[in-house]
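Dear colleague,

I am handing over the structure we spoke about, and below it you will find an account of what turned up when I went through it. Please keep the sequence open beside the text as you read.

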Amino acid sequence: MDVSTRDRALRTVFWEGGNARSGHIKLIDQPKLPLALEHVTCETVDGACACIRDMVIRGAPAIGAMAGYAMVLAARDCDASASVATRVETLRAAKAKLDASRPTAVNLMWATRRMVELTEATDASEDLAEVILREAEALADEDVAINIAMAKHGAEVVQQGANILHICNTGCLATVDVGTALGVIYESFHQGKDIHAWVCETRPRLQGARLSAWELMREKVPMHLIADSAAGLLMHRGKVDVVLYGADRIAADGWVANKIGSLPVSIVAREHGIPVYVVAPTSTIDLEVATGADIPIEERGAEEVTSLMGGNRTAPEGVQVFNPAFDVVNPKYITGIVTEHGICYPPFTKSLRAVKETAEKA
Ligand code: MRU
């Protein structure tokens, strides 16, 4: 696998229409999957915020790429004669809106910050929208290259014949292309390892059932879909060799925020001596956040829990609901964190700082 062999038109999110002035964002309409593979277009910052908030696009790296393209839309709202200071103000306002659309995945804030810093460094005589579009395209291409690198590093911990437990969706659909933890599964499979995946359905939004199962079946990777609550029994029966999942934010001390349900899976894995690897790009490591308790955890609407994908109601009218989208996993349950620059091992405080420095120099 390399970036050049991947088809850009199959990406989760991309810029369509050539230049920054006339083009728009095009993205896969994820709530429609697996029943239909359709795209939507997005031409305004408010539209991009709605796509992120409503999970038309989701997954930390994919949200980051989407936010990068959304900043092109903000830049083209700037008057041709605007000063650098005015342009910075406009992009900061767009950043504030985009960052608020989903609070946990740090890739979102990381991408918008990158675009604001670029605006500060761009002369007023340059066409800002074109400058931001070039950067957004670079960010998207980097995401694919990083995922390919992570897949190779991560495949080193997947043994021949391994049964892999996976939660949520961390594949092509959660990134620009390839994926993080699912990328490791694809790479291991393409290396000829006789692997099999246990795919947690991932209530309440069913990213495992709707998206990961769709992707794995398309790639012909052997798998079984399981109810989330079946994971413990499988581990107890010795049917899981390794747990792989992604991350939305990793604190400086190694606490990992990921899809709700990652914590119980990790605790049960530790109890049974099963290694747990988190697969995430260095952009997901947030050294400004000291520990897991400081990571903002998104709480979503009650309807996600009281009905099946907005359809059939499964709980009584008026029931009180608590619906956190993510949990935080204590690093004591994590064997290693796979990044594009290799695998970080405990003590994470040291290894995460070192890998961030490597990424900054690269
Ligand atoms: O709520 P989602 O679907 O955006 O949650 C996604 C996850 O939790 C993923 O595991 C995480 O973003 C890493 S994906 C490469």
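Domain bounds, as I use them here, come from an automatic or database domain assignment. On that basis the protein chain has domain 1 (3–146) and domain 2 (157–361). Please bear in mind that this is a predicted model, in which local features need pLDDT of at least 70 and side-chain atom pairs count only at pLDDT 80 or more, while totals for chains, interfaces and linings use all residues. Residues are numbered from 1 along each chain as its sequence is written.

The two domains

The centres of domain 1 and domain 2, taken over C-alpha atoms, are separated by 25 Å. Across the boundary, 27 residues of domain 1 are in contact with 28 residues of domain 2, where contact means that the C-beta atoms of two residues, placed from the backbone, lie within 7 Å. On the side of domain 1 that touches domain 2, the elements giving two or more residues are H2, helix H4 (106–120) and helix H5 (128–155), and H2 gives the most, with 5 residues. Helices (H or I, at least four residues) and strands (E, at least two) are DSSP runs, numbered from the N terminus.

The ligand

The ligand is surrounded by 18 residues, of which the closest are Arg58, Ala60, Ala174, Gly246 and Lys259; a residue is counted as near a molecule or strand if its C-beta atom, placed from the backbone, lies within 6 Å of it. Helix H2 (60–75) and strand E9 (256–259) are the elements that give two or more residues to this shell. Because both domain 1 (3–146) and domain 2 (157–361) give residues to the shell, the ligand lies between them.

The sheet and Cys344

An open sheet of 7 strands runs in the order E6-E5-E4-E7-E10-E13-E14, with mixed pairing, and two strands are taken to pair if DSSP finds at least two bridges between them. Strand E6 (223–226) and strand E14 (342–344) stand at the edges, each with a single partner strand, so one side of each is left without a neighbour in the sheet. Strand E13 (residues 336–339) is joined to E14 by 3 bridges, the two running antiparallel, and Val338 stands opposite Ile343 in E14.

Cys344 is also in strand E14. Is Cys344 buried or exposed? Cys344 is buried, because 25 other C-beta atoms lie within 10 Å; the cut-offs are 20 or more such atoms within 10 Å for buried, 12 or fewer for exposed, and partly exposed in between, with C-beta atoms placed from the backbone. Leaving aside neighbours within four places in sequence, Cys344 is in contact with residues including Gly336, Ile337 and Thr339.

Backbone points to check

Most residues other than glycine have a negative phi, and most peptide bonds are trans. Here, however, a cis peptide bond joins Arg203 and Pro204, with omega about 5°, and Pro204 is in the loop between strand E5 (196–200) and helix H7 (207–218). Another cis peptide bond joins Pro346 and Pro347, with omega about 0°, and Pro347 is in the loop between E14 and helix H11 (348–361). Phi is near 65° in Met55, which is partly exposed, with 17 other C-beta atoms within 10 Å. Phi is likewise near 65° in Lys220, which is exposed, with 8 other C-beta atoms within 10 Å.

With best regards
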